[in-house]
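Please walk me through this structure.

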Amino acid sequence: MTEKKEYDVLVLGGGISGSESALNLAKQGFKVILVEKDLSLGGKMIHLSKVFPTLDCSACITTPKVSETARHPNIDIYTFSEVRDIEKLNSGDFQVTLVQKPRYVTEDCTGCQLCEDKCPVVVNDQYQWDLVGRKAIYVPFSIANPRIAAIDIENCSLCGACEKVCPANSIDFSQVEMQTPIVVKTVIIAIGFNLFDPTLIPRYGFGKYKNVVTSMQMERQLVPTRPFNNVLRPKDGKMPDNIAYVLCAGSRDETVGNPICSQVCCMYSTKQAQLLMGALPMADVTVYYLHIRAFGKGFCEFYQQAKGMGVEFIKGKIGLITEKENGNLLLRYEDIESGNIKEAEHDLVVL
Amino acid sequence: MATINPGFATELKKYGALDFNKCYNCGNCTAVCSLSTGDNSFPREMIRFSVLGLEREIQKSTTPWLCYYCGECSATCPQQTDPGELMMSLRRYLTSKYDWTGLGAKLYTSKLWEFGTIAFLALVVLFLFVFFHGPMTNELTADGGVMLNTFAPWQQIEIGDLLMGGFLAFFLMSNIFNMYLKIIGSQKDLKIPFKLYFSEFWKLIVHFGTQREFSKCDTKLEQKKPALNTYWVVHWFLMSSYVIMFVMIVAFLGWFQTDNIYAWFHPQRILGYYATVGLTIGIVYFFVQRIKKSAQKSKHSHVTDWTFLVLLFLTTISGILVHVFRLNGMPQPTYYMYVFHLMALVPMLMIEVPFSKWSHLAYRPFAIYFNKIIVAAKKSK
């Protein structure tokens, strides 16, 4: 693959914004190359349950868009790929090095998942945010696009069991990283975001206390493709009935280098609280906030609606989380309305 | 009605406060504090008062004295407003407000006053010795010691001692009374049963003697039990040494400042050595802490913190040298060092005891005592 490829547009990132921009440009006749570093298109949004404030199904918005992107003749898609060295040429175009990482599975894969049954290695499933396990050879997730398996070579034991069982003969351990130079006229950067690493706030005990989960882990438990068929707390698989949301965990906090508001955690927590009211009708949900930033169209109504549904909102930042022997968590905070220090017990905490 | 002082932030900065106006009232500081309780939630309350400039509310409050500055609030404050340092500067501010003479405020806010007063007092001591000292004899006592009581007879020093003691006691006690008026006297709508003053009195003694609250400071809340706190141990050692030394020189000078050379196990020497070791370890430890700045509480040092440490250091080191020179029969160095010793000691006591940092030795236990009375009175109501 030494021939020089030329495109009108390079879109970096195959999430919802990358797909949308690629699709819009392709429909106008531009040749688009879409580069996604992950194994599948869809980005973060394909993993979400509902969107706020309309509570539309998130995957139902993303999957048709992703399929359309994948099928469009003007779009070339490279998953599990990255770009290196974007350089501006004298002509005004950009010279880009496209790096395709090896999946060790060719495109002949039918997604039958027989290899997954045979693979002996079990590791955490990053697409379920470590709530459950997956095999070292795996189809990323059920609605992945392309629906092709990949081998996680770092964890693979190279036993060759998948190679024996594969009906399409698509396992290829000889794949290597490929670098291709391409020339593009313009670049769209749609690389999305990284989630905050909650272990940077040790006093919240994420990683140490199993019943402290991230909002993404909670989100996964609320989607149709969820790992358990219910909302369960990780430590003992009990159905939680008193859930706490800790807002501003990692944002508006100079000590972790994020002094500004994420502008999203108020609203997705409100959304999850409403969904939990449906998923666990008997559960109490409490949201600990600093200021509710319901700034968009329909957001404030959405917040009021959550209050009306019985979600409790308490003003005060959680200072410290400690674990009890039964796995419940004690949250220490100052109740700003009364000015008194309080300690509340919850059986599941979402950061 | 509450009166606000819009210039309060500017005033408090002179006492060492940083930019506490950045606070967005999340209450994180209160929640991570190991001493904050349901009855006394701090430090956010104090930050709010300071931001609003509610001076009377601050002066009415005992909470700045309940904080022993572990620095957890400052380390975890999302806005980096440094609540711990604010509490520290409020203690300096309150010290100057309890002092009705106004000298405390001058010493805290003006370096000219601070160093000027020290120099003035040191010179007074020097002049007194220049004009009134006894013969600087080179003769030695029978066991080879210096005849210090010929140069500076303890009976005469004792007169100065008692005068100074009376001065210190008068100002410190009147300041404590002023503190009482500000804290308990202002509780207009709270009826305080008289017997509480007696039933809570033992807490004053306990907290003075043990600084029990300090030992609970900086314990990790998730452990739920106090861990041994080096800061508290060193501080207690320093404080007990200081008290022993103070009592010996003010009340028992005739016994302490002797020309006899006792055996090493004599109580006079044992107590003296205990105090010397305690003071030296304490001073070195706090010096190192303030220079290293690794602990949150040692990151910011006000000029008065250094003054206190330096004066205490000079007093201790010169005291040790007087002892060494006297025992080894070196008359002239003993006399000069003795004068220098008093030139450091007198300003240290005169300035620090009633007007400055030293006074926390009295204010802290009294604040806890007053606080217990108020809490008990509220509960009985």
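## The model

This is a predicted model, in which local features need pLDDT of at least 70, side-chain atom pairs count only at pLDDT 80 or more, and totals for chains, interfaces and linings use all residues. Residues are numbered from 1 along each chain as its sequence is written, while chains are lettered from A and ligands numbered from 1 in the order in which they are written.

## Two domains in chain B

Chain B splits into domain 1 (8-98) and domain 2 (103-380). The bounds come from an automatic or database domain assignment. The C-alpha centres of these two domains of chain B are 26 Å apart. Their contact uses 25 residues from domain 1 of chain B and 32 residues from domain 2 of chain B. Two residues are in contact if their C-beta atoms, placed from the backbone, lie within 7 Å.

On the domain 1 side, α4 (55-60), α5 (63-66), α6 (72-76) and α7 (83-98) of chain B each supply at least two residues. Helices (H or I, at least four residues) and strands (E, at least two) are DSSP runs, numbered from the N terminus. The largest share of that side, 7 residues, comes from α7(B).

B:Ala75 sits in helix α6 of chain B. B:Ala75 and B:Gln296 are 221 residues apart in sequence, yet 6.9 Å apart in space, C-alpha to C-alpha.

## The nonpolar cores

A nonpolar core is a set of buried Ala, Val, Leu, Ile, Met, Phe, Trp, Tyr and Cys residues joined through C-beta atoms within 7 Å. A residue is buried if 20 or more other C-beta atoms lie within 10 Å of its own, exposed if 12 or fewer, and partly exposed in between, with C-beta atoms placed from the backbone.

The largest core has 125 residues, and A:Val212 is among those with the most contacts inside it. Helix α19 (residues 331-355) of chain B gives the largest share of this core, 16 residues. A second, separate core has 22 residues, including A:Val35 and A:Val66.

## Helix α2 of chain A

Which residues of α2(A) are buried? They are A:Ser58, A:Thr62, A:Val66 and A:Thr69. These cover an arc of only 60° around the axis, so they lie on the same side of α2(A). The arc is that of the directions from the helix axis to the C-beta atoms.

The opposite face of α2(A), turned away from its buried side, carries the exposed residues A:Cys60, A:Pro64 and A:Arg71. The cover over the buried residues of α2(A) includes α1 (16-27), β2 (32-35) and β3 (75-78) of chain A.
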